[in-house]
Amino acid sequence: MDRSHTPYVKACVNGARTPDQHPNLPVTPEQLADAALSVHRAGAQAVHLHPKSGDGTDCLEADVVAAAVSAVRHAVPGLPLGVTTGFWALPNPKHRLRAVQAWKVLPDFASVNWHEPGSAELAELLLSKGVGVEAGLFHADAARAWAQSDLAAHCTRVMVELPADADTDTADELLALVATAGSRAPVLLHGVDESAWRLVQHAGRCGVQTRIGLEDTLRLPDGTVADDNAALVTAALELLSR
């Protein structure tokens, strides 16, 4: 595939979902590696994953992160790889900082949701470790706070992340707020569940990056349940090529 003429689609292969929600949701390091390889072959230009403990819940502990990152790196050398730092995985700002400080096997980037407690301190820590920061902006207040932050100039990517009921007007409002920061970082727009496919399409119209995977939706554009992450990436690239 000629990547120079391919829309930028990042695969988000599992998210905070648990295995009971889809039979092919990757959880173990081996499953994450297989998923990363399949989405890369389908055309994804990066992968975002949530390292998980044995029960399928998100985990930020160093050994769990190391196992997931190492497995994916071995399976797909060179594929840009990011992980979550979601507050739900460790809902205490100090404990989350300590967990991330202990990371030895590092991803290329990590998402930091700007509305969460301690987001700026976490972003600073990640940058000090040489890990890129993807700023996750879920609403206008978060977008304004990020745009006014000194850290805005140092982010690897800016993600406008909208809920299931979001429309394109909301997306445009947040994209405009992001533009006020003057950041040179690429912008990515995505939705979840009911908004996932309309925001993939809108991202294409706006000329920004997007993402898709079992984190964002379990269904293809026609409403049928997707077999796996690769099927979702394939559908997104087909949709964006129209």
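This is a predicted model: local features need pLDDT of at least 70, side-chain atom pairs count only at pLDDT 80 or more; totals for chains, interfaces and linings use all residues.
The chain contains eight helices and eight strands. Its radius of gyration is 17 Å, close to the 18 Å that the globule rule gives for 242 residues, so the chain is as compact as a globular protein of that length. Along the principal axes, the C-alpha atoms fill a box of roughly 45 × 40 × 30 Å. Of the 242 residues, 54% are buried.

Five residues form the patch: Asp165, Asp167, Asp169, Asp172 and Glu194. Glu194 sits in a loop. This loop runs between strand β7, residues 187-190, and helix α7, residues 196-206. The relative accessibility of Glu194 is 58%. Exposed residues are those over 50%, so Glu194 counts as exposed.

Ser128 was examined separately. The relative accessible area of Ser128 is 59%. This value is over the 50% cut-off, so Ser128 is exposed. Gln101 lies 27 residues from Ser128 along the chain. The C-alpha atoms of Ser128 and Gln101 are separated by 9.8 Å.

Key:
Residues are numbered from 1 along each chain as its sequence is written. Side-chain values use heavy atoms; hydrogens and water are left out. Patches are made of residues with over 30% relative accessible area and no salt bridge: like charges are joined within 9 Å, nonpolar side chains (Val, Leu, Ile, Met, Phe, Trp, Tyr) within 5 Å. Accessible areas come from the Shrake-Rupley method with a 1.4 Å probe; for residues, only the protein chains shown count as cover. A salt bridge is a side-chain nitrogen of Lys or Arg within 4 Å of a carboxyl oxygen of Asp or Glu. Lys and Arg count as positive and Asp and Glu as negative; His and the chain ends are not counted. The place of a charge is taken as NZ of Lys, CZ of Arg, CG of Asp or CD of Glu. Helices (H or I, at least four residues) and strands (E, at least two) are DSSP runs, numbered from the N terminus. Buried means under 20% relative accessible area, exposed over 50%, partly exposed in between (1.4 Å probe, protein chains only). The radius of gyration is taken over C-alpha atoms; the globule rule is 2.2 Å times the number of residues to the power 0.38.
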